[in-house]
Amino acid sequence: MVLTLFLIITFTFFLVQAQPGDYASFYVLNPDLPPEVKDEIRAAFGLDKPAWQQYVIHLKNTFTGNLGVSFGNFPRPVLDVLAERVPRTLVLFLTATAVSFYIGFFLGKAIAWRRGGLFEYAATISGAMLFTAFTPAFALMMIWVFAFRLGWFPVGKFLDPLVWRGADVSANYVFGNMLLSAAAFITFALLVMLCLKRFGRRVPSVAAVPIVLGGALVIMAAWALSGIGGLALDIVKHMVLPVATLTLISFAGTMLLTRNSMLETIREDYVMAARAKGLPDKQVRDRHAARNAMLPIVTSLVYSLIFAIDGSVIIESVFSWPGTGLTLLQAVRSEDLPLVMGAMLFIGMLSLLAHVIVDVLYVYLDPRIRYQ
Amino acid sequence: MRSSGRFAFCGLLLVLSLLPACTGEGTEDGVATSAPGATATSQPEADEPAAPSEAEAEKVYRIGISADLTTTNHWAYLGPDGTIWNGYVLGGSKPALYAYSAQRYDWVPSVAADFPTPLAEEEVAGETFWTTEVELLEGVKWSDGSDVTAEDFAFTANTAAEMQLTGNWPSIVDPEFFDHAETDGPYRLKIFFKQKPGLARWQFGLAFMPIFSRSYWEPVVAEARQAGDTTEQQKVLFSHVPEGEPSAGGFIFDQWERGAFAEKDENPDYSFRGTEVALYASGAYSAITAGLNDFTAYGEPGGETVLEYVEGPFAASTIYSIYGSQDAAVLALKKGDIDFMLNPLGLSKGLQEQLAGEDGLTTIENASDGVRYLGFNFRRAPMDSRAFRQAVATLIDKEFLVDTVLQGVAIPIYTMVPEGNGAWYNADVPLIGKGLTRQERVDRAVELLKAAGFTWETEPRVSEDGNFIEQQGEGLRMPNGKPVPAMQVLAPSAGYDPLRSTFAIWIERWLSEVGIPLRANLTGFNVIVEKVFDQQDFDMWILGWGLSPFPDYLESFFHSRHSELEGYNPGGYNNPDFDRLADGLLAETDLEAARQQAFEMQAFLAEDLPYVVLFDTPIVETYRSERIDFPYTETWGGLQSVSGMPTLVDFR
């Protein structure tokens with residue numbers, strides 16, 4: 001892993017260096033600056049040294065936890081910039097990923113089970129069409145229809161300045177709390193499920209629904225009483241359109257993956273055996289076929305969740321959602337080397353983490369896999 | 001696992017779906033506690049009458065911008081964070097001794113009571129200085145109630161010089177000229193220069209310096225001084241996040257939600273509120289501020305008035321909404337979420353068409369403060385030949401390209417000072433090639449080249465009707481008998497600028513027709529900058545410049561002293577006669593004499609042609625005229641270039 005990370009850092013560093021010019025070129029085009037001042041600017045950013053020397057310094061700093069200062073946000077530390085952008089991207093893209101996977105998985109299961117029907121053709125064709133849509137044009141069309149013509153949603157951005165004027169908390173504080181709330185709720189729901197599994201024979205599974213709903217209501221109440229519920233609501237209102245766009249564009253991937261995986265699984269003997277035993281269709285589909293078809297889907301989900309941090313340059317640009325994707329693009333374009341390297345390091349580390357998580361999950365999902 | 005996964009997804013969905021429902025009533029409560037007086041605005045149904053929003057009720061001026069701020073620290077904005085977006089938001093809050101007048105760009109006092117004393121040579125403690133004195137207005141206030149004084153100016157300029165501030169600071173406080181500033185009482189200022197400064201360094205440089213509040217910044221500067229060397233000192237100064245910094249402009253910076261918006265609130269103590277400004281056809285200027293100042297210059301006020309307005313601010317607040325792209329900002333403008341949008345390039349043709357015919361919007365067009373040009377590398381033959389450059393200029397049919405190919409989106413120009421900069425524009429320069437037919441152009445180019453000693457194996461010949469080249473020129477040789485080498489013109493690709501790439505393609509075609517072996521190399525902007533400015537490895541290039549009102553850039557671009565690597569004269573143009581003119585402009589301290597000097601330089605350049613100036617594009621802007629009103633809309637560089645314009649915006 002360390003070797004892979006080292007290669008990622010090295011490759012990215014020299015890729016950015018290979019671009020013509022550097023950050024100080026911005027000042028080269030100001031005719032009022034004397035040449036010695038331009039040299040001073042280069043020296044202040046450390047750009048006066050040869051590339052290999054910059055690389056050694058960068059490597060040393062990285063492995064001592066110092067990601068440096070962003071040129072474009074001078075003298076703000078790179079970590080500070082990333083810490084500001086990551087929560088915004090996470091809230092949007094984790095939500096969109098979860099929604100699109102849920103819809104994709106649900107539809108994939110259904111169309112695999114009822115092959116050849118009108119529903120399968122309709123879902124497959126419409127899903128494939130949306131999957132291949134040109135994202136910027138589709139996103140703009142969504143804004144034009146639902147925000148501009150119908151006026152149901154805001155035209156981009158993640159908040160309404162008129163709502164946030166004078167607010168004594170920052171948007172990141174609200175984003176952070178939204179993420180915490182979601183994490184708390186998921187943990188609570190998982191704990192409930194684990195408890196039910198443990199005492200499953202004595203407690204009916206439907207009992208989980210009111211408990212989980214109760215948990216949700218507690219969180220809702222906490223938000224309503226916090227005084228910042230209105231601000232969170234404003235963010236949620238701004239999320240609807242980008243989440244819907246991302247879901248429509250990407251759910252088909254999961255749907256088709258689930259369908260193919262399910263089609264392989266339902267031909268297996270154990271599925272036939274389950275049917276022969278006279279188990280209800282829903283039980284055969286969900287517990288015997290779908291569970292065994294989940295391996296590639298879970299892999300895909302984990303990668304998608306991890307790469308959600310990377311955001312999407314297109315979606316973030318079109319919806320004016322300033323997350324990591326947009327930040328990375330702007331940093332690359334302005335040759336803000338420390339910020340590019342910081343963002344890539346972060347993404348590289350998370351992608352390696354994703355591989356570890358997937359390997360561990362395989363063991364849990366597939367009893368045939370055991371690591372020595 | 002199946003159940004767990006399902007519940008996890010349900011959980012997320014539930015949180016999202018219940019939040020709006022649960023906090024529906026809480027919205028107003030929530031905001032009311034955190035933002036007194038603020039209520040959430042809901043988007044009205046398309047066919048329902050819209051309830052007056054908070055923006056309408058409170059006279060909030062809403063501006064769209066396409067990139068986030070990077071700092072709120074004005075020292076840093078003029079230093080390493082010198083983005084135009086920082087300038088849009090932070091501009092207008094700091095006073096300056098002098099400023100440009102509206103529209104005409106006359107040099108007029110701002111917090112100075114009158115014009116400065118003439119520069120005088122003075123010896124102090126064995127050292128010779130050039131000095132000038134300025135009287136400041138009494139009664140101009142910072143928003144914290146204290147006076148704007150000479151101490152504030154001296155503190156700002158001396159700090160910039162002492163800490164050797166980088167970025168744009170050296171172009172304001174030039175260390176080669178500025179020595180220090182002293183005060184003689186709270187309202188009298190004496191400035192010491194190391195050498196005699198021309199207009200560019202003093203009147204159009206230091207005199208425009210934003211003045212910082214000494215009482216607010218002195219502790220920060222004192223802390224920075226303890227930080228070590230100047231680089232560390234600058235870092236401390238630039239990293240300070242101002243809170244409660246006083247403003248002397250129409251608005252006070254209030255809030256910045258990163259990536260979303262910035263807000264400035266009305267300054268209730270703005271000293272120039274109600275100032276009546278008038279510009280007269282005679283050239284006279286007057287600014288009357290009740291109880292503060294009654295200033296007139298450039299003649300006696302009277303006769304026809306060309307512009308008259310009263311300073312505000314009339315808005316309770318200005319909000320700068322940040323959008324991810326210009327398209328998103330345009331949609332917001334159409335929908336009514338913003339009143340105006342700022343973009344240094346103005347609206348592109350496609351976006352103009354999107355906004356055309358929209359009710360409640362008005363589109364305006366102004367001359368821009370930039371030029372696009374074709375530059376030559378004088379270190380290589382035949383670009384060092386004036387006849388060759390004049391032949392190239394003759395062959396380029398700017399009017400044809402602009403009118404026919406580019407459908408009128410650009411304006412052909414012939415001098416480095418754009419027409420919109422009326423005070424410095426010389427209309428009487430040689431217009432090489434203007435109005436010629438294709439045949440006349442080819443004939444004239446051949447004539448010029450032949451006269452200079454160029455020869456062809458096969459001379460170019462135009463068809464009898466003059467519409468096409470019947471015989472392409474071949475085997476062009478230079479006066480020394482060597483063949484003209486294959487050359488390249490570097491130009492931005494169509495993705496970056498379709499206008500310049502179109503020009504490059506047609507220039508390649510026209511020059512090739514007469515036998516000049518030129519190929520257009522359409523490439524990335526950074527590649528061109530690196531090859532031209534960093535390496536000086538090129539034949540010709542097409543780029544553009546954004547220009548300041550005072551044309552000292554003529555010296556920066558064409559004086560031979562700037563032809564070193566990374567200099568602003570990468571073509572290596574070296575003409576002692578021009579150098580003399582350029583030195584004269586920099587040293588000139590009299591406005592009228594400087595104008596004559598600039599006129600002469602323009603005429604010289606239009607004939608000697610280190611650049612073939614190609615075209616300019618108008619700045620097109622759209623604003624919500626059903627809601628807001630500007631006192632004037634005709635201004636060089638568009639409304640966005642008017643510093644402090646939010647102070648003038650009124651509501652219908």
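Trainee: How are α9(A) and α10(A) oriented to each other, parallel or antiparallel?

Mentor: Start with the axes, which are lines fitted to C-alpha atoms, for helices over the stretch in contact, with angles from 0 to 180 degrees between N-to-C directions. Angles under 35 degrees count as roughly parallel, over 145 as roughly antiparallel, 65 to 115 as roughly perpendicular and the rest as oblique. Here the axes of α9 (residues 171-198) and α10 (residues 208-226) of chain A come within 10 Å and cross at roughly 160°, so α9(A) and α10(A) are roughly antiparallel. Helices are DSSP runs of H or I with at least four residues, strands are runs of E with at least two, and both are numbered from the N terminus.

As for the source, this is a predicted model, in which local features need pLDDT of at least 70, side-chain atom pairs count only at pLDDT 80 or more, and totals for chains, interfaces and linings use all residues. Residues are numbered from 1 along each chain as its sequence is written, while chains are lettered from A and ligands numbered from 1 in the order in which they are written.

Trainee: Which residues of α9(A) and α10(A) meet?

Mentor: Two residues are in contact if their C-beta atoms, placed from the backbone, lie within 7 Å. From α9(A) the list includes Phe185(A), Phe188(A) and Val192(A), and from α10(A) it includes Ile211(A), Gly215(A) and Ile219(A). The residues of this contact divide into twelve nonpolar, two polar and no charged. In that scheme Ala, Val, Leu, Ile, Met, Phe, Trp, Tyr, Cys and Pro are nonpolar, Asp, Glu, Lys and Arg are charged, and the others, Gly among them, are polar.

Trainee: How do α1 and α4 of chain A cross?

Mentor: The axes of α1 (residues 2-17) and α4 (residues 51-63) of chain A come within 11 Å and cross at roughly 140°. That makes α1(A) oblique to α4(A). Ile9(A), Phe13(A) and Gln17(A) of α1(A) make the contact with Ala51(A), Tyr55(A), His58(A), Leu59(A) and Thr62(A) of α4(A). Five of these contact residues are nonpolar, three polar and none charged.

Trainee: What does the largest nonpolar core look like?

Mentor: A nonpolar core is a set of buried Ala, Val, Leu, Ile, Met, Phe, Trp, Tyr and Cys residues joined through C-beta atoms within 7 Å. A residue is buried if 20 or more other C-beta atoms lie within 10 Å of its own, exposed if 12 or fewer, and partly exposed in between, with C-beta atoms placed from the backbone. The largest core has 259 residues, and Ile63(B) is one of those with the most contacts inside it. Its largest share, 18 residues, comes from helix α5 (residues 78-113) of chain A. Beyond its neighbours within four places in sequence, Ile63(B) contacts residues including Tyr320(B), Phe340(B) and Leu342(B).

Trainee: Where is the peptide bond cis?

Mentor: One such bond runs from Gly312(B) to Pro313(B), with omega near 10°. Pro313(B) sits in the loop between β13 (305-310) and β14 (317-322) of chain B. Another joins Ala381(B) and Pro382(B), with omega about 5°.

Trainee: What is the phi of Gln103(B), and is the residue buried or partly exposed?

Mentor: Phi of Gln103(B) is near 60°, a positive value in a residue other than glycine. Gln103(B) has 15 other C-beta atoms within 10 Å and is partly exposed.
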